[in-house]
Amino acid sequence: MPVRKTTKRLYLIPVLSKALDILELLQEENQPMTLEAIHRKTRISKTTVYRILKTFVHRGYLSQSNDGLYRQVTRPKKMRFGFAGQSADMPFSNEVTESLKTAAASVGVDLMILDNRYDAATALKNAEEFVRSKVDLVIEFQVEQEVAPMIGDKIAGANIPLIAIDIPHPHATYFGVDNYRVGIEAGETLAAHAVANWDGKVDWVLGLDLAEAGPLVQSRITGAFEGVRNGIADLPVELFVRMDGRGMRERSKKLVTDFLQRHPKDKHILVAAATDSSALGAVDAVRELKREKHVVVVGQDCIADAMAEMRKDKSPLIGSVSHEASSYGPSLIHLGLQLLRGQTVAPYNYVAHKMVTQKMLE
């Protein structure tokens with residue numbers, strides 16, 4: 001009986017092997033080479049050689065002189081950024097994380113990702129871990145104002161540049177939305193609804209706040225109240241009520257449920273939420289109590305669940321301010337590289353935002 005020969009399967013990536021052949025050839029020759037010479041020595045097609053060389057030049061492994069010669073360059077240490085996300089349970093935080101991962105990969109920056117878990121103690125431990133790991137730069141996204149000075153001090157003590165998202169930290173460059181301005185636009189949207197549908201009548205204006213984030217993030221609600229006043233003059237100050245929803249859905253639902261149960265006869269209630277998660281909690285409360293005709297809500301962030309809710313017929317969620325999460329990654333990486341190169345950057349760096357309403361989604 002003949003013996004069947006077995007061939008061991010090799011899990012190789014052909015184009016990667018060719019790229020390494022070209023890189024090793026330039027290392028061995030240790031002198032500038034033309035595309036034609038590389039093609040002859042490797043016997044790889046000119047088109048493939050050209051694309052591989054251009055990729056190596058783009059990523060900084062090779063340089064190309066004006067006369068068309070390619071040479072290997074000394075590679076600097078690969079940059080490593082530490083990113084502490086707000087919480088893996090928060091949709092907007094996850095959108096920022098994904099944007100940052102994509103942007104870092106596109107420019108060859110390593111990213112060390114930790115989860116702050118919406119918790120002050122965890123955020124502080126993560127900052128210590130970044131220092132131990134000797135990252136080149138830290139991007140901090142955490143909600144607790146009380147630990148911001150401690151985090152800023154630890155990072156600065158290790159001489160590591162720090163970028164803080166949405167919440168200012170000592171020693172940090174700020175990156176995020178203009179909190180007061182996004183609040184203004186949310187409030188103006190609420191006022192416009194009241195004018196168009198309720199003849200400008202308002203019984204209450206509720207602000208679902210994020211108290212532990214500090215004054216800057218709280219200015220989203222300050223701005224929202226001012227935006228309502230811009231649209232409807234002479235509203236008594238006692239109609240404006242702030243509640244600490246902590247940016248969380250269930251907590252916000254409970255707060256709004258309790259309020260609506262205490263005011264069963266009021267029919268003109270505006271709700272401005274510091275986050276879409278809080279806004280969705282308010283919507284849950286309104287729907288459960290069957291008060292959809294009496295309450296409208298505007299949120300912040302334009303997360304996927306909020307967009308889906310706004311598309312529902314007669315949803316109480318009439319708008320959300322998009323903070324353009326997909327733009328965070330490229331902008332943060334660019335800002336980080338500027339800081340590491342010693343370039344002068346602005347202390348406050350604001351991202352673009354835009355109001356998205358139900359009518360825009362119809």
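**Helix packing and strand pairing in a predicted model**

Colleague: Which residues in H4 meet Tyr-328, Gly-329, Pro-330, Leu-332 and Ile-333 in H12?

Modeller: The structure is a predicted model. On the H12 side, the contact is formed by Tyr-328, Gly-329, Pro-330, Leu-332 and Ile-333. The residues in H4 that meet them are Phe-92, Val-96, Ser-99, Leu-100, Ala-103, Ala-104 and Val-107.

Colleague: How many residues of the contact of H4 with H12 are nonpolar?

Modeller: The residues of this contact include no charged ones. Of the others, 2 are polar, and the nonpolar residues number 10.

Colleague: At what angle do helix H4 and helix H12 pack?

Modeller: Two packed helices are described by the distance between their axes and by the angle between those axes. Here H4 covers residues 91–107 and H12 covers residues 328–340, and their axes lie 7 Å apart. The angle at which they pack is about 55°.

Colleague: What does that make H4 in relation to H12?

Modeller: The angle between the two helices is about 55°. An angle under 35 degrees would count as roughly parallel, and one from 65 to 115 as roughly perpendicular. H4 is therefore, in relation to H12, oblique.

Colleague: Is the crossing in which H4 passes H12 left-handed or right-handed?

Modeller: The handedness describes how H4 passes H12. For this pair of helices, the crossing is right-handed.

Colleague: How many residues of strand S10 are buried?

Modeller: Strand S10 spans residues 269–273 and is mostly covered. Ile-269, Val-271 and Ala-273 point one way, Leu-270 and Ala-272 point the other way, and all are buried. The number of buried residues in S10 is thus 5 of 5.

Colleague: Which residue in S10 is the bridge partner of Leu-208?

Modeller: Strand S8, residues 204–209, runs parallel to S10 and is joined to it by 5 bridges. The partner of Leu-208 in S10 is Ala-273.

Colleague: Which residue in S11 stands opposite Ile-269?

Modeller: S10 is also joined by 4 bridges to strand S11, residues 295–301, and these two strands run parallel. Opposite Ile-269 stands Val-295.

Colleague: Which are the edge strands of the open sheet?

Modeller: This sheet has 6 strands, paired in parallel, in the order S4-S3-S5-S6-S7-S13. An edge strand pairs on one side only. The edge strands are S4 (110–115) and S13 (348–350).

Colleague: Which residue in S13 stands opposite Gly-176?

Modeller: Strand S7, residues 173–176, runs parallel to S13, and 3 bridges join them. In S13, the residue opposite Gly-176 is Tyr-350.

Technical notes:
Residues are numbered from 1 along each chain as its sequence is written. This is a predicted model: local features need pLDDT of at least 70, side-chain atom pairs count only at pLDDT 80 or more; totals for chains, interfaces and linings use all residues. Side-chain values use heavy atoms; hydrogens and water are left out. Axes are lines fitted to C-alpha atoms, for helices over the stretch in contact, and angles run from 0 to 180 degrees between N-to-C directions. Angles under 35 degrees count as roughly parallel, over 145 as roughly antiparallel, 65 to 115 as roughly perpendicular and the rest as oblique. A crossing is left-handed if the near helix is turned anticlockwise from the far one by less than a right angle, and right-handed if clockwise. Contact means heavy atoms within 4.5 Å. Ala, Val, Leu, Ile, Met, Phe, Trp, Tyr, Cys and Pro count as nonpolar, Asp, Glu, Lys and Arg as charged, and the others, Gly among them, as polar. Buried means under 20% relative accessible area, exposed over 50%, partly exposed in between (1.4 Å probe, protein chains only). Two strands pair if DSSP finds at least two bridges between them.
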